[in-house]
There are 2 protein chains.
Amino acid sequence: VKLARRAHRVRVAGFRLAGVRAGLKSRGRDVALIVADPSAVAAGVFTRNRAAAAPVQVARVRVAAGRIAAVLVNAGNANAVTGAAGRRVAERTTAAAARALGVPPAAVVPCSTGKIGVLLPEAPMRAAVRAAVAALSPDGLPDAAEAICTTDAFPKTAVRRLRLGGRPVTIAVLGKGAGMIAPDMATLLVFVLTDARLTPAAARRVLRGAVDATLNAVTVDGDRSTNDTVLLLASGAAGNAPLRGGAERRFGEAVRDALAEIARLVALDGEGAGRIAEILVRGAASDADARRVARAIGSSILCKAAIHGADPNWGRFVCAAGNAGARLDPERVDVAIGGVVVARRGRALAGRLARAGARMRRPEIRIALHLHLGRGSGRILASDISVDYVRFNAEYTT
Amino acid sequence: VKLARRAHRVRVAGFRLAGVRAGLKSRGRDVALIVADPSAVAAGVFTRNRAAAAPVQVARVRVAAGRIAAVLVNAGNANAVTGAAGRRVAERTTAAAARALGVPPAAVVPCSTGKIGVLLPEAPMRAAVRAAVAALSPDGLPDAAEAICTTDAFPKTAVRRLRLGGRPVTIAVLGKGAGMIAPDMATLLVFVLTDARLTPAAARRVLRGAVDATLNAVTVDGDRSTNDTVLLLASGAAGNAPLRGGAERRFGEAVRDALAEIARLVALDGEGAGRIAEILVRGAASDADARRVARAIGSSILCKAAIHGADPNWGRFVCAAGNAGARLDPERVDVAIGGVVVARRGRALAGRLARAGARMRRPEIRIALHLHLGRGSGRILASDISVDYVRFNAEYTT
């Protein structure tokens, strides 16, 4: 799967953005600044990794206030496992941005992605903050989308438009993530910008629901980077009446849809990944069980290798399912690969493997299991694991 | 790591063995028969995978009786996810062996390893049973050790001798396993043969304790093949008084020591693996937490890739630890690689990485974390993941 994508050129009323170079990555822009003027309603979802990075520790507190004025993002250095010194750098660099923007220090949220275990250098960050403030523009989204990338092969953006109470509303998402597919740990950063008017409580509900259905199906819960951060910022510039009931639901669906597009781009951009598989599990005893089984298959190195090799090795999928900690009766399981049923009630069907193998050679495939135990369903997106992936990650050194 | 090992040439009083060719693998011996005459005290540890293979379902019941006369093993076909038909084949082929040996059908235990999802063919198995019975010999251990291998680069055996109550006792172990390192699922089969006299209860205690400390630290609990089986058979031919207290402990230590050697050989023989790492965790809140952290590091694809690349990327290890579900304070963690402390209390130490990287280029390395939270400790052996591993597993097709 080779994509040469460009970021969407989109404005979201109430936001200005910039992407500049601080020299933290070997080349290209690596510091992004997102500014809401006036401050935006904010909600966040953060990594649950117990080694959460310094910027996450700071950001959690600041986002909890419900409104923020800016997000300062850097790529190339995760400022993770850097202790109190790391927190001080996160505080001082966001304070510099706050001074330049004339907002309170706690209204600027830090995000970092890159190498772990190295303190974020303060001097180049301060210089980049000055440059970023000078470069802020309503048209700055592509530059910011580029600046948050690390090993990504392409920037990831998605746009949705809808009408709420007669007012046109825009949702623009910029994200980064590659090679971060479970069970791995590269960082996912996603920023949802909208001009919709939301209460902080509605923003939290919408974001939580949308992330659960999309990004958490890629970087599965339990396999989290030190720095994963998803933020929703709502400027309210669209002037819609505060969302209620059906309108909130429609808005939430649009956000979910945009995040699903980002999740797919992330899976397609797995470092060195060649193919993505949707693992769909139905008929489980519960939704949680279905998700466990899907995750066990999508996380298994042997299953990933089979996906890479376009090998319709359905027994490996059932074996991985057997390890998921979910209820399972292997003698009830149906398995379909790319729509070709290769096993029914736990027994191979004759003469299906060649066709299933042909389907597996496509760049995006679906592996579906029906457990015939209940009504639970769940899915995840999994990248394969390829020779390039291993080469890349062995050489991406500290 | 390249090894060209040969199986130990060892006799264990009370046992005859054979290894013959049934044609289930593309070449070489693929059916082993282990016969105790008279029947031996037996204990077993089996996979907890919910898709346990037909032979495991049959074996569990038969071993629970506490005495068995023979083990019939085949490689090349796991007879897994084959349902009731698979159980019938396991029953009929062991019944054929029982008739030829003049023992009850339930005294013969089946074990299989190989491809999943394909019914074990009965005719070649019956022919192989006849050939194996004819070939049984007290010197048959090397042939049997070869016959149980699948993708193993070399057969795995270990021998320990000790005196119990003045009597010389022999413990001989034959095992197979490769590429089965967590979080994967290739099969581990291990047979511990001894001429010691044990009660069934002592046999169970000894085996359970020895497996927990050794083989479960390679194919970690929770990541289990459909076919994993470890059996202990005690002929009693040594004529020692039944083991009690200190003697049982010494015998258990000898078994554990032999299984540790097998575990190391299995890790060294990871399909395409180039390096093995011992992940040692101390200072955890509990032993269980320590094991969780060690396992999270050893199972992470990104950590495995770093091990493969001899990259002292200690931040990845701490990040994986943060996902283990164990208590962790990243600001207390010490990390040492090959004896070189690279981080103390969660902070990098200057100027250590080059030396740590040099240590990582060795074929066997130790990665040690001290969590400074309590007195819990645990370890696992992890293979790296290499370009060859992915190539191999993508091409090992159904």
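Modeller: Let me begin with confidence, since the model is a predicted one. Chain A has an average pLDDT of 90, and 91% of its residues reach at least 70. For the model as a whole, the scores are ipTM 0.79 and pTM 0.82.

I turn now to the sheet. It is open, is built from six strands of chain A, and runs in the order β12-β11-β10-β13-β9-β14. The pairing within this sheet is mixed. At its edges stand β12 (347-348) and β14 (376-383) of chain A. Each of these two has a single partner strand, so one side of each is left without a neighbour in the sheet.

A search over all chains of the whole structure returns zero disulfides. A:Cys303, for instance, takes part in none, and the nearest cysteine sulfur to it, that of A:Cys319, lies 7.7 Å away. The cut-off for a disulfide is a sulfur pair within 2.5 Å. A:Cys303 is buried, its relative accessible area being 0%. In chain B, B:Cys319 is likewise in no disulfide, with the sulfur of B:Cys303 as the nearest cysteine sulfur at 7.7 Å. B:Cys319 is also buried, at a relative accessible area of 1%.

Finally, there is a pocket to consider. The second largest pocket holds about 600 Å³ of space. Its lining comprises 20 residues, and those nearest its centre are A:Lys25, A:Arg27, A:Glu146, A:Cys149 and A:Thr150. Among the elements of chain A, β4 (108-115) and α4 (141-147) each contribute at least two residues to the lining of this pocket. The greatest contribution is that of α4(A), which supplies three residues.

To return to the part you asked about, the sheet of chain A is an open one of six strands, with β12 and β14 of chain A at its edges.

Note on methods:
Residues numbered from 1 in each chain as written. Chains lettered and ligands numbered in written order. Predicted model: local features only at pLDDT ≥ 70, side-chain atom pairs only at ≥ 80, totals over all residues. Heavy atoms only, no water. Buried < 20%, exposed > 50% of the residue type's maximum accessible area, 1.4 Å probe, protein only. pLDDT = per-residue confidence, 0-100. Pairing = 2+ DSSP bridges. Helix = DSSP H or I, 4+ residues; strand = E, 2+ residues; numbered from the N terminus. 1 Å grid on protein atoms, 1.4 Å probe; cavity = no way out; pocket = protein on both sides within 12 Å on 5 of 7 lines; lining within 4 Å. Points joined across faces, edges and corners; volume = space filled by probe spheres on them.
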